[in-house]
Amino acid sequence: MITATYAIDGDTVGSIGLIGPTRMQYERAIQIITQMADGLSTSLTRLYRHDA
């Protein structure tokens, strides 16, 4: 299992994860989950700042 947290303005608000087989390509999966969490953090921060 691989997890990464996402945040709004630096405050952690949640996490996303991936459950996979034992022989999963972990290096690639970690990169993907990290990129997804970073993108989600960026999008949520922009949305939150726009609504404020």
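Analyst: I16 touches I2, T3, A4, Y6, I33, M36, A37 and L40, when residues up to four places away in sequence are not counted; contact here means heavy atoms within 4.5 Å. The model is a predicted one, in which local features need pLDDT of at least 70 and side-chain atom pairs count only at pLDDT 80 or more, while totals for chains, interfaces and linings use all residues. Residues are numbered from 1 along each chain as its sequence is written, and side-chain values use heavy atoms, with hydrogens and water left out.

In soluble globular proteins, nonpolar side chains tend to be buried together.

I32, by contrast, is partly exposed because its relative accessible area is 34% (buried is under 20%, exposed over 50%, partly exposed in between, with a 1.4 Å probe and protein chains only). I32 belongs to helix 1, residues 26-51 (helices are DSSP runs of H or I with at least four residues, strands are runs of E with at least two, and both are numbered from the N terminus). Between I32 and I16 there are 11 Å in space, C-alpha to C-alpha, and 16 residues in sequence.

Strand 1 (residues 2-8) and strand 2 (residues 11-18) run antiparallel and are joined by seven bridges; two strands pair if DSSP finds at least two bridges between them. Within this pairing, T5 stands opposite S15 of strand 2. The hairpin has two residues between its strands, and D9 takes a positive phi near 50 degrees there. Most residues other than glycine have a negative phi. D9 counts as partly exposed because its relative accessibility is 37%.

Apart from neighbours within four places in sequence, T45 is in contact with A7, I8 and D9. T45 is buried, since its relative accessible area is 13%. Its side chain also reaches the backbone oxygen of S41 at 2.8 Å.

Key
Polar contact = N/O pair within 3.5 Å; in protein donor to acceptor, adjacent residues only side chain to side chain.
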